[in-house]
Amino acid sequence: MGYAFGSIDELGDGFGFRKVRRALGVTAFGVNAVVYPPGYEGFNHYHEHQDELYFVHSGTARVEVGDEVMELGPGGLVHVESTTARRISNPGDEPLVLLVVGGKDGYVERDGHMVDPADVERRAAFGTSS
């Protein structure tokens with residue numbers, strides 16, 4: 001199948017991992033949602049190969065990397081290289097919901113193509129961010 005839809009709520013109840021990759025058939029990179037209970041102290045960990053990008057969907061994440069501690073709210077992002085130890089915790093009174101994307105071997109570059117040639121100009125006018 002060339003596409004799949006889903007939601008975090010459909011992937012499980014309670015706290016812990018939601019296996020997004022498996023449920024949606026993603027094979028190009030790793031992706032999970034993680035739901036932390038209020039006040040949960042995360043694990044200090046690292047990976048051998050995959051970098052991770054954490055996106056805060058809801059709640060507050062406390063991210064400890066090296067000597068730095070940062071709190072991120074909804075919409076917050078942090079990228080951590082594979083072998084860099086990190087701890088993600090929930091210092092808040094509400095559940096923390098993260099989307100975590102893992103990958104290795106670099107960026108593919110822009111390779112998107114418009115299906116409708118009329119969309120090329122409209123896409124260019126939409127703007128880009130670096």
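The numbered points below describe the fold, the strand pairings, the nonpolar core and a few individual residues of this predicted model.

1. Overall make-up. The protein contains two helices and eight strands, and these follow one another along the sequence in the pattern β-α-β-β-β-β-β-β-β-α. Of contacts between residues at least 6 apart in sequence, 60% join residues that are at least 24 apart.

2. Surface and burial. The accessible surface comes to about 9400 Å², and carbon and sulfur atoms account for 53% of that surface. Buried residues make up 24% of the 130 residues in the protein.

3. The three-stranded sheet. Strands S5, S4 and S7 form an open sheet in the order S5-S4-S7, and the pairing in this sheet is antiparallel. Strand S5 (68-72) and strand S7 (86-89) are its edge strands, each of them pairing on one side only. From one strand to the next, the twist averages 15 degrees. The antiparallel pairing of S4 with S7 extends over four bridges, and within it Glu-64 has Arg-87 in S7 as its bridge partner.

4. Arg-62 in strand S4. This arginine is found in strand S4, and a reader may ask why Arg-62 counts as buried. The reason is that its relative accessibility is 19%, whereas the cut-off for a buried residue is under 20%. The side chain of Arg-62 makes a polar contact with the side chain of Glu-41 at 2.8 Å, and a further polar contact, at 3.4 Å, links the side chain of Arg-62 to that of Glu-64. If residues up to four places away in sequence are not counted, Arg-62 touches Glu-41, Val-69, Met-70, Glu-71, Arg-87, Ile-88, Ser-89 and Pro-91.

5. The pairing of S3 with S6. Strand S3 (residues 51-58) runs antiparallel to S6 and is joined to S6 by four bridges; Leu-53 stands opposite His-79 in S6.

6. The largest nonpolar core. This core has 13 residues, and those that touch the most other members are Tyr-54, Ala-61, Ile-88 and Leu-98. Two or more residues are given to this core by each of strand S2 (30-36), S3, strand S4 (61-65), S6 and strand S8 (96-103). The most come from S8, which gives three residues.

7. Contacts of Leu-98. Which residues is Leu-98 in contact with, leaving aside its neighbours within four places in sequence? They are Asn-32, Ala-33, Val-34, Tyr-36, Tyr-54, Phe-55, Val-56, Ala-61 and Ile-88. Among them are Tyr-54, Ala-61 and Ile-88, which are named along with Leu-98 as the core residues that touch the most other members.

8. Helix H2. The helix of residues 119-126 is hardly covered, for the count of buried residues among its eight residues is zero. Gly-127 follows H2, and the phi of this glycine is positive, near 100 degrees.

Methods:
Residues numbered from 1 in each chain as written. Predicted model: local features only at pLDDT ≥ 70, side-chain atom pairs only at ≥ 80, totals over all residues. Heavy atoms only, no water. Pairing = 2+ DSSP bridges. Buried < 20%, exposed > 50% of the residue type's maximum accessible area, 1.4 Å probe, protein only. Core = buried A, V, L, I, M, F, W, Y, C linked by side-chain atoms within 4.5 Å. Contact = heavy atoms within 4.5 Å. Polar contact = N/O pair within 3.5 Å; in protein donor to acceptor, adjacent residues only side chain to side chain. Axes fitted to C-alpha atoms, helices over the stretch in contact; angles between N-to-C directions. Areas by Shrake-Rupley, 256 points an atom, 1.4 Å probe, with all protein chains shown as cover.
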